[in-house]
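Reader: I would like to learn how to read a protein model feature by feature. Please give the general idea first and then the case at hand.

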Amino acid sequence: ITISGGVGPYAIATENQSDPSIATTQITNNNQNTATLEVRGIGTGQTSVKVTDSSTPPKTTSIQITVN
């Protein structure tokens with residue numbers, strides 16, 4: 001998943017990491033204004049992850065993850 005908009009670098013909100021029994025997530029910051037969110041399905045279910053940017057105050061978005 002490509003992340004853009006806001007102000008990089010981007011991070012996963014530590015208090016809102018995905019449920020590791022369902023999926024793991026990792027952000028790779030490509031440059032100042034884009035990043036890649038990698039999601040790996042582990043088990044069946046739904047979870048979510050919140051991604052924040054580096055603006056002041058930070059902007060946050062929630063991404064829903066469903067693994068079938």
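Author: The turns below go from overall build to strands, core, charged pair and peptide bonds. Keep in mind that this is a predicted model.

Reader: Start with the inventory. How many helices and strands does the protein have?

Author: The count is zero helices and six strands. Read from the N terminus, the order of elements is β-β-β-β-β-β.

Reader: What does the radius of gyration say about the overall build?

Author: The value is set against what a compact globule of equal length would give. For 68 residues that rule predicts a radius near 11 Å, and the protein has 12 Å, so the two agree. Along the principal axes, the C-alpha atoms fill a box of roughly 35 × 20 × 15 Å.

Reader: What share of the contacts joins residues at least 24 apart?

Author: Take the contacts between residues at least 6 apart in sequence: 47% of them join residues at least 24 apart.

Reader: Now the strands. How should I read a sheet?

Author: A general point comes before the pairings. In a regular strand, side chains alternate between the two faces of the sheet. Here, three strands make an open sheet in the order β2-β5-β6, with antiparallel pairing. Its edge strands are β2 (11–12) and β6, each of which pairs on one side only.

Reader: How many bridges join β2 to β5, and how many join β5 to β6?

Author: Two bridges join β2 to β5. There, A11 stands opposite T52, and I12 has V51 as its bridge partner. Between β5 and β6 there are eight bridges, again in the antiparallel sense.

Reader: Which strands does β4 pair with?

Author: β4 pairs with β1 over three bridges, antiparallel. In that pairing, T2 stands opposite T36. β4 also pairs with β3, through seven antiparallel bridges. N29 has A35 in β4 as its bridge partner. A hairpin of four residues joins β3 to β4.

Reader: Next, the interior. What is the idea behind a nonpolar core?

Author: In soluble globular proteins, nonpolar side chains tend to be buried together. In this model the largest nonpolar core has 13 residues, and I3, Y10, I27, L37, V49 and V51 touch the most other members. At least two residues each come from β3 (23–29), β4 (34–41), β5 (45–52) and β6 (60–67). The largest share is three residues, supplied by β6.

Reader: Take one member, L37. Is L37 buried or exposed?

Author: L37 lies in strand β4. Its relative accessible area is 2%, under the 20% cut-off, so L37 is buried.

Reader: Which residues does L37 touch, leaving out those up to four places away in sequence?

Author: L37 touches I1, I3, I12, T25, Q26, I27, V49 and I63. As for Y10, 27 residues separate L37 from Y10 in sequence, and their C-alpha atoms are 9.6 Å apart in space.

Reader: What about charged side chains?

Author: Side chains of opposite charge can pair when their charged atoms come close. The count here is one salt bridge. E38 and R40 form a salt bridge, and their closest N and O atoms are 2.5 Å apart.

Reader: How accessible are E38 and R40?

Author: E38 has 34% relative accessibility, so E38 counts as partly exposed. R40 is at 52%, over the 50% cut-off, so R40 counts as exposed.

Reader: Last, the backbone. Where are the cis peptide bonds?

Author: The omega angle is the value to check. G8 and P9 are joined by a cis peptide bond with omega about 0°. P9 sits in the loop between β1 (2–4) and β2. The bond from T56 to P57 is also cis, with omega near -5°. P57 belongs to the loop between β5 and β6.

Note on methods:
Residues are numbered from 1 along each chain as its sequence is written. This is a predicted model: local features need pLDDT of at least 70, side-chain atom pairs count only at pLDDT 80 or more; totals for chains, interfaces and linings use all residues. Side-chain values use heavy atoms; hydrogens and water are left out. A nonpolar core is a set of buried Ala, Val, Leu, Ile, Met, Phe, Trp, Tyr and Cys residues joined through side-chain atoms within 4.5 Å. Buried means under 20% relative accessible area, exposed over 50%, partly exposed in between (1.4 Å probe, protein chains only). Two strands pair if DSSP finds at least two bridges between them. A salt bridge is a side-chain nitrogen of Lys or Arg within 4 Å of a carboxyl oxygen of Asp or Glu. The radius of gyration is taken over C-alpha atoms; the globule rule is 2.2 Å times the number of residues to the power 0.38. Contact means heavy atoms within 4.5 Å.
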